[in-house]
Amino acid sequence: MRFVFDEWELDTGLYELRRNGRPRKVEPQVYDFLRFLVSNSDRVVGKDEIVDEIWGGRIVTESTISTCLKAARQAVGDDGRTQRLIKTVHGRGFRFVGDVSITDGPVNTPASGPETNGSTRSVNSGQAEDRQAKPAADKPVLAVLPFDNLSADVEEYFADGLTEDIITNLSRFRDLLVIARTSTFQFKGRAINLIDVGKELHAGYIVEGSVRRAGGRVRITAQLIDAATGTHLWAEAYDRDMEDIFAVQDEVTRTIAATLGVKIQDAALQRALTKSSAGLDAYDCVLRARRYTSMLSAEMHAEARDLLEKAIALDPANANAQALLANVYLAEYRFDTNPRPDPVGRALTVAQTATRLDPQSAYARCWLAIVHFFRGENDMFEAEAQRALNLNPNDPETLADIGHYLAFMGEFERGIELSKRAQQLNPLHPGWYYFSFARYHFDQREYAKTVADVQRISMPHFYWTHLLNTAALGQLDHPDAPAALAQLFEVKPTFSAQAELQKWNAAPHDLEHLVEGLQKAGLAE
């Protein structure tokens with residue numbers, strides 16, 4: 001379906017805004033905001049309705065709505081003074097006042113130009129038709145098809161509601177473009193070819209699944225498919241009691257959303273790795289640079305820094321690149337990796353740029369919070385961390401990062417609470433998710449558990465694992481403590497306990513406790 005007004009077209013099938021047939025790049029939330037207003041142009045749309053539709057009913061500020069409204073107006077050449085297309089009805093909401101027509105006819109393409117090439121097969125008609133090809137997206141495009149209801153005696157609402165919740169939660173991942181439900185629900189109950197659906201929706205990935213209820217139990221299956229090849233990338237089944245249907249729905253939705261977010265990023269990375277260095281675009285550079293976050297090697301750090309600086313040169317408005325570069329710059333200070341002057345200052349600059357470019361990015365907010373952490377600005381860390389959690393409570397990396405640093409600043413119980421949620425959402429999580437547990441167990445003087453946590457972390461080249469291991473063994477008066485201390489200095493010859501712990505913003509009692517363990521292991525400081 002396409003909504004046409006003035007020289008604009010809003011295509012819900014292609015998830016695309018076009019002006020005179022040429023695509024215009026808009027953020028997903030801005031597109032959804034426009035679509036919702038345009039499709040309800042016969043009435044005033046209240047703010048509560050908008051929050052439910054665009055943000056899934058979660059709490060957002062007036063400034064967030066205003067920012068989205070302003071961006072929507074700018075996208076279609078309107079502004080708050082003239083209100084030619086989007087009118088504010090004070091005290092009630094907003095109304096789209098442009099003349100809107102609805103069509104399913106051929107796309108209005110420009111007569112010539114690079115954006116008119118290509119054609120796709122229309123699944124809706126079952127016949128080939130010429131159609132303007134959508135430009136390659138700078139983010140993976142995902143379509144969630146309506147889940148099949150396999151229970152003969154149960155209404156469709158549960159399967160449909162589950163599908164809508166998954167779409168809403170996946171839309172919070174800023175690295176994904178998620179096709180709106182109005183497009184994907186057109187395929188409900190139809191025999192379809194997934195490769196054709198991918199072409200029709202211009203989606204690189206498709207989620208499909210089913211729901212079966214019987215005897216107080218529910219089984220939900222979900223699978224992720226590469227739309228280009230039909231290859232299954234991931235599948236999972238969930239069996240739960242039906243004592244609280246909405247709790248079950250929420251639990252399964254969050255788990256699927258988080259897992260899919262991780263799986264899609266991994267699949268996109270594998271595609272990016274097949275490209276030559278000269279052929280990398282900004283998004284490919286970001287994908288490749290992300291490998292550093294799981295390896296933390298000096299070689300990978302240098303490559304990631306170069307890739308991200310290239311990404312920003314190619315696309316200065318790429319908020320993801322700016323946010324990840326804050327992580328990489330901060331590593332120069334956190335780990336003394338390939339240091340250049342003023343790493344924290346540079347990290348702060350790019351983190352602030354990322355949040356300005358995309359105020360709704362949880363990842364950008366998270367790394368701005370971490371920069372404040374290393375500046376010793378704990379109140380600002382807490383504020384930005386909470387914003388990140390509010391923006392995407394289902395991203396395991398954000399949960400684990402914030403839990404990690406809460407533990408390092410002495411908020412041990414809050415730290416492990418977030419880390420537990422991260423581990424549940426990402427069962428194949430990296431070892432560093434255990435850092436907050438190691439810090440908590442050390443604080444609780446459960447030193448044997450600290451040693452076990454360090455083994456789970458499994459990062460032998462990162463000096464903090466040796467620091468915690470040595471301090472715990474020292475507190476246990478374990479005979480291996482001196483050898484552990486020697487390993488610490490082998491990994492970091494310039495190690496100074498006081499300087500390192502102050503750098504990592506350790507609370508005074510925590511610093512004293514750790515130094516005591518290191519001294520018992522033989523540290524002369």
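Of the contacts in this chain with a separation of 6 or more, 60% are between residues 24 or more positions apart. Keep in mind as you explore that this is a predicted model. The chain is built with 22 helices and 15 strands, and buried residues make up 55% of its 525 residues. Here is a friendly tour, topic by topic.

**The nonpolar cores**

- In soluble globular proteins, nonpolar side chains tend to be buried together.
- The largest nonpolar core in this model holds 85 residues, and within that core Phe435, Trp464 and Trp504 touch the most other members.
- Helix H13, which covers residues 362–374, gives the most to this core, contributing ten residues.

**Helices H11 and H12**

- Helix H11 spans residues 319–334 and helix H12 spans residues 343–357; their axes are 8 Å apart and the two pack at an angle of about 165°.
- Angles over 145 degrees count as roughly antiparallel, so H11 is roughly antiparallel to H12.
- H11 and H12 make a left-handed crossing.
- From H11, the residues that meet H12 include Ala319, Leu325, Tyr329 and Tyr333, while those on the H12 side include Pro343, Val350, Ala354 and Leu357.
- Sorted by class, this contact of H11 with H12 has 14 nonpolar, two polar and two charged residues.
- Aspartate 342 is found in the loop between H11 and H12.
- The phi angle of aspartate 342 is positive, at about 50°, although this residue is not a glycine.
- Is aspartate 342 buried or exposed? Its relative accessible area is 52%, so aspartate 342 is exposed.

**Asparagine 327, a residue of H11**

- Asparagine 327 sits in helix H11.
- With a relative accessibility of 3%, asparagine 327 counts as buried, because the cut-off for buried is under 20%.
- Which residues is asparagine 327 in contact with, once its neighbours within four places in sequence are left aside? They are Tyr292, Thr293, Arg334, Tyr363 and Trp367.

**Helices H13 and H15**

- H13 packs with helix H15 (residues 396–408) at an angle of about 15°, and their axes are 10 Å apart.
- Angles under 35 degrees count as roughly parallel, so H13 and H15 are roughly parallel to each other.
- The crossing of H13 and H15 is left-handed.
- On the H13 side, the contact is made by Ala362, Tyr363, Cys366, Trp367, Ile370, Phe373 and Phe374; on the H15 side, by Glu397, Thr398, Asp401, Ile402, Tyr405 and Phe408.
- The residues of this contact of H13 with H15 divide into ten nonpolar, one polar and two charged.
- Tyr363 and Trp367 of H13 take part in this contact, and both are also in contact with asparagine 327.

**Helices H18 and H19**

- Helix H18 (residues 447–457) and helix H19 (residues 463–475) cross at roughly 160°, and their axes come within 9 Å.
- H18 and H19 are therefore roughly antiparallel to each other.
- H18 passes H19 in a left-handed crossing.
- H18 makes the contact through Tyr447, Thr450, Val451, Val454 and Ile457, and H19 through Thr465, Leu468, Asn469, Ala472, Leu473 and Gln475.
- By class, the contact of H18 with H19 has seven nonpolar residues, four polar and no charged.

- Aspartate 395 is placed in the loop between helix H14 (378–391) and H15.
- The relative accessible area of aspartate 395 is 14%, so this residue is buried.
- Aspartate 395 and leucine 425 are 30 residues apart along the chain, and their C-alpha atoms are separated by 7.8 Å.
- Histidine 202 lies in the loop between helix H6 (194–201) and strand E13 (205–214).
- Phi of histidine 202 is positive, near 55°, in a residue other than glycine.
- Histidine 202 counts as buried because its relative accessibility is 17%.

Definitions and conventions. Residues are numbered from 1 along each chain as its sequence is written. This is a predicted model: local features need pLDDT of at least 70, side-chain atom pairs count only at pLDDT 80 or more; totals for chains, interfaces and linings use all residues. Side-chain values use heavy atoms; hydrogens and water are left out. A nonpolar core is a set of buried Ala, Val, Leu, Ile, Met, Phe, Trp, Tyr and Cys residues joined through side-chain atoms within 4.5 Å. Buried means under 20% relative accessible area, exposed over 50%, partly exposed in between (1.4 Å probe, protein chains only). Helices (H or I, at least four residues) and strands (E, at least two) are DSSP runs, numbered from the N terminus. Axes are lines fitted to C-alpha atoms, for helices over the stretch in contact, and angles run from 0 to 180 degrees between N-to-C directions. Angles under 35 degrees count as roughly parallel, over 145 as roughly antiparallel, 65 to 115 as roughly perpendicular and the rest as oblique. A crossing is left-handed if the near helix is turned anticlockwise from the far one by less than a right angle, and right-handed if clockwise. Contact means heavy atoms within 4.5 Å. Ala, Val, Leu, Ile, Met, Phe, Trp, Tyr, Cys and Pro count as nonpolar, Asp, Glu, Lys and Arg as charged, and the others, Gly among them, as polar.
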